[in-house]
Amino acid sequence: SIAILCKMIPRLLALSGTVLLLTTAVNGLPSCTSDRPGKESHRTLYVSNLMLQGSASDDMWTDVLCCVYTHVEATSASSAIVDTMELYDGSHIDVKANDFEAMAELSLELICDMSMGSKDCS
């Protein structure tokens, strides 16, 4: 389940193998309904649909980000918000990488270095 996965984030980050998760897919990605308690509900990572492979790795990283209140949304490669993460305050930061796995890893590192994100990651 997602709750078990969320408790395993540190161990998952150390794994080199792939974990297959069975979740309900929306637009090829697992759905995420996690919302942070309080007025800040979630961050959103906007990923080019061309970067997604529909792989178990894509699903795993989408679920890992969901555990830290970050939803992943596929968007057009030409979209103005592609390769960005929308933060709780509505601002966007660039999250550029060569593939989705690298983008998700970078996003998680950025989140865990944020004041509120560090609480989400612990």
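The largest nonpolar core of this structure has 20 residues. A nonpolar core is a set of buried Ala, Val, Leu, Ile, Met, Phe, Trp, Tyr and Cys residues joined through side-chain atoms within 4.5 Å. Those with the most contacts inside the core are L45, V47, W61, L65, F100 and L108. Two or more residues come from each of β3 (43–48), α3 (56–67) and α4. Helix α4 gives the most, with 5 residues. In soluble globular proteins, nonpolar side chains tend to be buried together.

The model is predicted: local features need pLDDT of at least 70, side-chain atom pairs count only at pLDDT 80 or more, and totals for chains, interfaces and linings use all residues. Residues are numbered from 1 along each chain as its sequence is written, and side-chain values use heavy atoms, with hydrogens and water left out. Helices (H or I, at least four residues) and strands (E, at least two) are DSSP runs, numbered from the N terminus. Buried means under 20% relative accessible area, exposed over 50%, and partly exposed in between (1.4 Å probe, protein chains only).

The count of salt bridges is 2. A salt bridge is a side-chain nitrogen of Lys or Arg within 4 Å of a carboxyl oxygen of Asp or Glu. D120 belongs to helix α5 (residues 115–121), whereas R36 sits in the loop between β2 (29–30) and β3, 84 residues apart. D120 also forms a salt bridge with R43, and the closest N and O atoms are 2.8 Å apart. R43 lies in strand β3 and D120 in helix α5, so this pair ties together parts that are 77 residues apart in sequence. D120 is buried, with a relative accessible area of 10%. R43 is buried as well, at 1%. Shared partners join R36, R43 and D120 into one network.

A patch of negative charge lies on the surface, where D99, E101, E105, E109 and D113 gather. Patches are made of residues with over 30% relative accessible area and no salt bridge; like charges are joined within 9 Å, and nonpolar side chains (Val, Leu, Ile, Met, Phe, Trp, Tyr) within 5 Å. E101 is placed in helix α4 (residues 100–112). E101 is partly exposed, with a relative accessible area of 37%.

Most residues other than glycine have a negative phi. D83 counts as buried, at 15% relative accessibility.

How values were computed
Accessible areas come from the Shrake-Rupley method with a 1.4 Å probe; for residues, only the protein chains shown count as cover. Lys and Arg count as positive and Asp and Glu as negative; His and the chain ends are not counted. The place of a charge is taken as NZ of Lys, CZ of Arg, CG of Asp or CD of Glu.
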